Amino acid sequence: KAAVIALMKQLALDYGADHIRSNAINADRIRSNLFGDGVLEARLKHRGLSESAYFTGNLLGQEVLASDVADAFFFLSQAKKTTGATLTVDGGNIGASAR
């Protein structure tokens, strides 16, 4: 994540003068195909969590949905004077923040 965010910021620096915006969404624990092939099960076992506890294991105690991430993308697409920004959509999960 940190490398992608660093790249996004570099693109903002390189192309901002051309009015090309570069922003990022930092999402975590979203139900998706990334959890296929036993990835979710392995994480649950490693952390000793139920599926529900895993997906609600954030400061807000709420599962972050794909639609929440889509809303964030839409928001940034409308922020015409924003570049080099990272919008985090994870319910408050400091352990997943970019370092």
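Start your tour by selecting Lys1, which is partly exposed, with a relative accessible area of 47%. Here, buried means under 20% relative accessible area, exposed means over 50%, and partly exposed is in between (1.4 Å probe, protein chains only). Keep in mind that you are looking at a predicted model, where local features need pLDDT of at least 70, side-chain atom pairs count only at pLDDT 80 or more, and totals for chains, interfaces and linings use all residues. Residues are numbered from 1 along each chain as its sequence is written, and side-chain values use heavy atoms, with hydrogens and water left out.

**Stop 1: salt bridges**

The term stands for a side-chain nitrogen of Lys or Arg within 4 Å of a carboxyl oxygen of Asp or Glu. Is Asp28 buried or exposed? At 17% relative accessibility, Asp28 counts as buried.

Next, select Arg31 and Glu51. Their side chains form a salt bridge as well, at 2.4 Å from N to O. Arg31 lies in the loop between β1 and α2 and Glu51 in helix α3 (residues 51-55), so the pair ties together parts that are 20 residues apart in sequence. Glu51 is partly exposed, with a relative accessible area of 36%, and Arg31 counts as partly exposed at 41%.

At 26% relative accessibility, Glu63 counts as partly exposed.

How many salt bridges does a search of the whole structure find? It finds four.

**Stop 2: the largest pocket**

Pockets and cavities are found on a 1 Å grid over the protein atoms alone: a cavity is a set of points where a 1.4 Å probe fits but cannot get out, a pocket is an open set with protein on both sides within 12 Å along at least five of seven lines, and lining residues have an atom within 4 Å of a point. Grid points are joined across faces, edges and corners, and a volume is the space filled by probe spheres set on the points.

Color helix α2 (residues 39-47), which gives the largest share of this lining, three residues. By class, the lining of the largest pocket has six nonpolar, two polar and five charged residues. In this scheme Ala, Val, Leu, Ile, Met, Phe, Trp, Tyr, Cys and Pro count as nonpolar, Asp, Glu, Lys and Arg as charged, and the others, Gly among them, as polar.

**Stop 3: the second largest pocket**

α1 (2-15), β1 (24-27) and α4 (66-78) each supply at least two lining residues, and the largest share, five residues, comes from α1. This lining divides into nine nonpolar, three polar and one charged.

**Stop 4: a cavity**

The structure holds one cavity of 30 Å³ or more. Which residues line the largest cavity? Select Asp28, Arg29, Tyr54, Phe55, Asn58, Val64, Asp90 and Asn93. Three of these lining residues are nonpolar, two polar and three charged.

**Stop 5**

Finish with Gly16, found in the loop between α1 and β1. Gly16 is partly exposed, with a relative accessible area of 28%. Draw a line from Gly16 to Lys45: the two are 29 residues apart in sequence and 45 Å apart in space, C-alpha to C-alpha. Ile20 also has its place in the loop between α1 and β1, and is partly exposed at 46% relative accessible area.

How values were computed
Helices (H or I, at least four residues) and strands (E, at least two) are DSSP runs, numbered from the N terminus.
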